[in-house]
Amino acid sequence: MNSSPELAQKNAPANAPGKADCGLPDSPEITVHALLDQLQKQAAETLRLNATLKHAEAKIQALTFELAHLRHIRFGAKSEALNAEQRDLFQETLAADIAACEAEAEQAAPQPQARAKRERAGRQPLPDHLPRIEHRHEPESCTCNKCGTALVKIGEDVSEQLDVIPAQFIVHRHIRPQYACRSCEMVAAALIPPAVINGGMASVGLLVWLIIGKYLDHLPLYRLEQIAARSGVNLARSTLAEWVGRIGVALQPLADRLAALLLEQDVLHADETPVAQLDPGNGRTRRAYLWAYCSNVLNTGPPIVVFDYQISRAGAHAQNFLAHWKGTLMVDGFGGYKVLFAQGVTELGCLAHARRKYFDLNAAQANAIAQEALARIAALYAIEAQGREMTVEARAQLRQAQSVPLLQSMHDWLLKTRASVAHGGGTAKAIDYSLSRWAALSRYATAGDLPIDNNPVENAIRPIALGKKNWLFTGSERAGKRAAAIQSLLATAKLNGLDPAAWLRETLTRLPTCLNSQIDSLLPLRDHQVKEIPSIE
């Protein structure tokens, strides 16, 4: 028994005088349970707060990435790297300003001063195929101004200047004398040469000028009308439109044949870009799409690009164009192609699209994971640069030896990294895109003739995307299909290193007398040499 005052005070009743009221339960077991319940509630609240915090961080990261991406689209460059024109823009401005300052300094000088010779690279010679007009500058006297002796030619100094003659309109007069036979009472005359537009006043040269201006330089007809008016030539816009329509019909068989040749290849690129189409009933425009299909850049044959104009982005349009075609198709992540892959077409994923996710992520905010992914992808592209000039067999061996191990390492790294990244953020979305399409992204390394990305078809679309700023919209579905056919021929001519204007001139000259069996000889492929046809007949 312990009769100490402290123990007595503890054992005293709750209402006994002298006991402190601490607010705790009388039973120790109840006190322990209460504390455990409180700790569990605090732990649950901590977990909830941590989950809320992680969700908030992921949402902030996603919104930050989206905001930076939208700013990049609105104000920034439209690709990861500046093109040559953009990179040189500052240098061009700087050179022009320096030249202007030098000219102003020369004008302000009180006395003419000899200009200091500037160090500069050697001037490139002017092209040999350009016509030369010689101007001979002889001295005023061929005798010595000191002793009067006749001068002897010991050489000559030749300098060349480049000049340009703006569009010059001329008139061809076709004179057909008529001869009569008095005995037979008949009249003989030369036949009228066949033309693409019979009875029209437009020669081949004018039609070429019109088509190149509209579909290669992307000039609306009203601007071409104004250009002609400056030379005093009245070309009504309705007349120009009529010529465009007839030329489109004449060239359609060539575009159809070009598409048939494209579908004979085993590997294709595909992409699509939106265009505006006039909707007269509603007084506004509607969205249509220009689908592009391009031959494999690693193929040794002539390159081909074909455009297919459709009024929507439905996957049925790709299925119709590629009906009965079974090959390997390089595309981005657009779901419109999924049905094709279920029907036997092999999918290739674009590594440039996967790279773009990490590039945008890192551009929005420095991101170590995105930088690591970019470095790994750069190593894969370095291998492709090394094998660019190799044969298909040698490139396949190179990829098997170097690309396949890097791809496997990257895949393992992506899986490990994804497990530590919060859901919903920009980093998670970039990694998920790569992992969800990994089989298609890495398939190129299984052979030597498969492309690594979809850049070739995007490059083919880019001029049209720029041209949309000029012509704004297509007037009708028929106009869009006509533009797609003509664009296919002109773009293919450029890819094959042909001058589109020279090819078109020859084609429009030969087309009226060309048989169906000879149509392949008119296609703008590098295997068919374009003949020189004088511009003035």
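The model is predicted, so local features need pLDDT of at least 70 and side-chain atom pairs count only at pLDDT 80 or more, while totals for chains, interfaces and linings use all residues. Residues are numbered from 1 along each chain as its sequence is written, and side-chain values use heavy atoms, with hydrogens and water left out.

- A search of the whole structure turns up zero disulfides, a disulfide being a pair of cysteine sulfur atoms within 2.5 Å.
- For background, a disulfide is a covalent bond between the sulfur atoms of two cysteines.
- Cys-147 counts as exposed because its relative accessibility is 56%; the labels are buried for under 20% relative accessible area, exposed for over 50% and partly exposed in between, using a 1.4 Å probe and protein chains only.
- Cys-184 also counts as exposed, at 55%.

**Around Cys-142**

- Cys-142 is in the loop between α3 (84-108) and β1 (178-181); helices (H or I, at least four residues) and strands (E, at least two) are DSSP runs, numbered from the N terminus.
- Its relative accessibility of 52% makes Cys-142 exposed.
- Leaving out residues up to four places away in sequence, Cys-142 touches Thr-149, Ala-150 and Leu-151, where contact means heavy atoms within 4.5 Å.
- Lys-153 is 11 residues from Cys-142 in sequence, and their C-alpha atoms are 9.6 Å apart.

**His-269**

- Is His-269 buried or exposed? At 0% relative accessibility, His-269 counts as buried.
- His-269 belongs to strand β3 (residues 267-279).
- The His-269 side chain makes a polar contact with the Asn-454 side chain at 3.0 Å; that term means a pair of N or O atoms within 3.5 Å, and within protein one must be able to donate a hydrogen and the other to accept it, with residues adjacent in sequence counting only if both atoms are side-chain atoms.

**Helix α5**

- In α5 (residues 221-230), the buried residues are Leu-221, Leu-224 and Ala-228.
- They cover an arc of only 60° around the axis, so they lie on the same side of α5; the arc is taken over the directions from the helix axis to the C-beta atoms.
- These buried residues pack against α4 (204-216) and α6 (237-262).
- Just after α5, Gly-232 has a positive phi of about 80°.
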